[in-house]
Protein chains: 2
Amino acid sequence: MAQAEVRRRIMDAALEVFLRDGYVGAKTDEIAAAAGASKQTIYKHFGRKEALFEQIVLDRLTGIDEIFQDALRKLAAADDLEPTLREVARNFVHALTRPAHLRVRRLVIAEAGRFPNLGNAYFEAGPGRVHAALAAAFEQLAGRGLLRVEDAVLAANHFTWLVTSIPVNKVMFCGDEVTFRDAELEHYADSAVRVFLAAYGVRVGDQPAGQ
Amino acid sequence: MAQAEVRRRIMDAALEVFLRDGYVGAKTDEIAAAAGASKQTIYKHFGRKEALFEQIVLDRLTGIDEIFQDALRKLAAADDLEPTLREVARNFVHALTRPAHLRVRRLVIAEAGRFPNLGNAYFEAGPGRVHAALAAAFEQLAGRGLLRVEDAVLAANHFTWLVTSIPVNKVMFCGDEVTFRDAELEHYADSAVRVFLAAYGVRVGDQPAGQ
DNA sequence: GAGGGGGTGTACCGTACGGTACTGTACTGG
DNA sequence: CCAGTACAGTACCGTACGGTACACCCCCTC
C-alpha cells in the first residue's frame, strides 16, 4: 500500500514547486520530476492541476490554529497577565514567521484572484480562527477584571497585528531570504504587549471591570 | 507626437491585465488588444515582457508617500495632538484601502519571488518612506513633550499597522470585491489612535518629556 | 511629393506546457 | 500461476504564448 506515500511525495514536491513558481509558473513535468513520480500518476490522483493546487493549500490549513489553542486556554485562566501575554506573543511571532508559514501565505495571497475560495478558506482557518479564540480569551479576562475590553474581536485584531505585522510584512515584500534573530522577534513581541496593555490593561485607579 | 500617449495607453492596459492575471498569466496579445495597440509597438517601446512589467510597477511607486508628507508636517507642528493624529489615521486608512493601491500591493507580493528588486523597491518607496516620515514627526512631538517615544521607528510601525492591518489583510486574502464603508474605516482609524495614544501619549502626571 | 518615423494588422516561428495514450514492470492476493 | 493494480517512462496531441517579420498606412516635414 504505497499509494498514500506516493501521494504524499507528490504533494510535497508540488508544494515546493508551487511556492517557488506560483500556480501558473509551476510545470507539472517539473512536479513529477521533483516527486520522482510519473505525470500519469499525478493525474490519476488529482485529475487536474487546479485540483492538485487546491488540495495542497487546503492540506496546509488544517490545524494551523491548534498550536495556539492550549496557549490561549492558559491565557484565559491566567492570573499573572503580563508575562502570560508576553509568552503568547512570542509564541505567535515565532510561529508566524516560520518560512513554512510565510511562503504559503504569500502563495495564497498571490493566487487569491485565481482561487478566491482558497483565499477565504485561508483567512478563515488562519487569522479568523486565531482572532476568534483570542477574542474569547480576552472576554474571559475582561470578565475577571484583568482587561478593559469593549470590542473583543477588535482587541484581538490589534493584538495580533501589533505582534506580527512588522516581520510578516517585511517578508511579504522582501522574500524568504529575510530572516530574523530570535532577540529581534521577541523585541517585537514584548513591545507589542507593552502597547496592548497600555490600551487594554487595567491600571491602578480603574474600576474593576468598567468600560 | 502621440508617442507618449500610446505608451501611456499601453501601460494602463498592461497594468490592468497584470493585476487581473499576474505576471505569468498575462498575455501580451491581450495587453495589446486592451490598449488598442499593436503588439509590435509594445515590443518597440519595452523590449521584453519583463521590462514592461517592471516599468509599470515602478511607475506606480513614484509619489506614493507625497500624499502624506503635508499631513505629517502638520502633525509634527500640531498642538492639539489627538484630533490631528486621528485625521492622519483616517487619511492613511482611506488612502491605503483604495483598490488602486491594494491591487498593486497584491501584485507586488505575488511577484516578489520572480522580481525581488521590485519587492524591495515597493517596500522602500511605500511603507519604508511612510515609516521614516512618521518617525520623524513622532520625534519632533516627543521633543515637544507631546509624546512618549523611545524608538520612533518602532512607534511609527505600530501606528501604521494598527491603523491599516485589519482592512488591508482582509483584502489581501479575500480579493478586491471586499469593500469597506467609510464609517467602518474611520472606526478602525479612531480605535487605532486610541490604542496608540494609550501607549505613547502623555498622561496627566507624567513628567514632560520623560521615557 | 518624397521620405521617414511611428503606428496597425496579421501572419508566422519556436517552444513549451497541460493533459492523454501506450507500453512495460513490479508487486500483491488468491 | 494468474489477474489485477499501481506505478514509471515516454511519446504524443493540441493549443497557446513570447517574440519577430512583413506589409501597409498615416502624418509630418522639408
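A helix here is a DSSP run of H or I at least four residues long, and a strand is a run of E of at least two. With that in hand, let's start with chain A. This is a predicted model, so keep that in mind throughout.

Chain A has 10 helices and zero strands. Read along the sequence, the pattern is α-α-α-α-α-α-α-α-α-α. Along its principal axes, the C-alpha trace spans about 70 × 30 × 30 Å. Chain A has 211 residues, and 40% of them are buried. Now the contacts. Take pairs in chain A at least 6 apart in sequence: 67% of those contacts join residues at least 24 apart.

Next, the domains. Chain A is assigned two stretches: domain 1 runs 3-60, and domain 2 runs 63-200. Their centres, taken over C-alpha atoms, are 30 Å apart. How many residues of domain 1 of chain A are in contact with domain 2 of chain A? Eight, and they meet 10 residues of domain 2 of chain A. On the domain 1 side, helix 1 (3-25) and helix 4 (49-61) of chain A each supply at least two residues. By class, that side has five nonpolar, one polar and two charged residues.

One residue to look at in chain A: His187(A). Find it in helix 10, residues 182-200. Buried or exposed, or in between? His187(A) has 16 C-beta neighbours inside 10 Å, so it counts as partly exposed. Buried would take 20 or more, and exposed 12 or fewer. Now pair His187(A) with Val17(A). They sit 170 residues apart along the chain, and their C-alpha atoms are separated by 34 Å.

On to the two chains together. How do the copies relate? A rotation of 180° with 0.0 Å of shift along its axis superposes chain B on chain A, with an RMSD of 0.1 Å. That is the relation of a two-fold axis. Which residue of chain B comes closest to the rotation axis? Ala110(B), with its C-alpha at 2.1 Å.

Look at the interface itself. 33 residues of chain B are in contact with 33 residues of chain A. On the chain B side, five helices each supply at least two residues: helix 1, helix 7 (99-111), helix 8 (116-143), helix 9 (152-174) and helix 10 (182-200). Helix 9 of chain B gives the most, with 11 residues. By class, the chain B side has 19 nonpolar, 11 polar and three charged residues. And 100% of the interface residues of chain B are also interface residues in chain A, so the copies meet through the same surface.

Last stop, the DNA. There are 19 residues around DNA strand C. Which of them come nearest? Lys49(A) from chain A, then Val6(B), Ala37(B), Ser38(B) and Thr41(B) from chain B. Helix 3 of chain B gives the most, with four residues. By class, the surface near DNA strand C divides into five nonpolar, seven polar and seven charged residues.

To recap the two surfaces. The chain B side that touches chain A has 19 nonpolar and three charged residues. The surface near DNA strand C has five nonpolar and seven charged. That's the tour.

Technical notes:
Residues are numbered from 1 along each chain as its sequence is written. Chains are lettered from A and ligands numbered from 1 in the order in which they are written. This is a predicted model: local features need pLDDT of at least 70, side-chain atom pairs count only at pLDDT 80 or more; totals for chains, interfaces and linings use all residues. A residue is near a molecule or strand if its C-beta atom, placed from the backbone, lies within 6 Å of it. Ala, Val, Leu, Ile, Met, Phe, Trp, Tyr, Cys and Pro count as nonpolar, Asp, Glu, Lys and Arg as charged, and the others, Gly among them, as polar. Domain bounds come from an automatic or database domain assignment. Two residues are in contact if their C-beta atoms, placed from the backbone, lie within 7 Å. Copies are superposed by least squares on the C-alpha atoms of residues with pLDDT of at least 70 in both.
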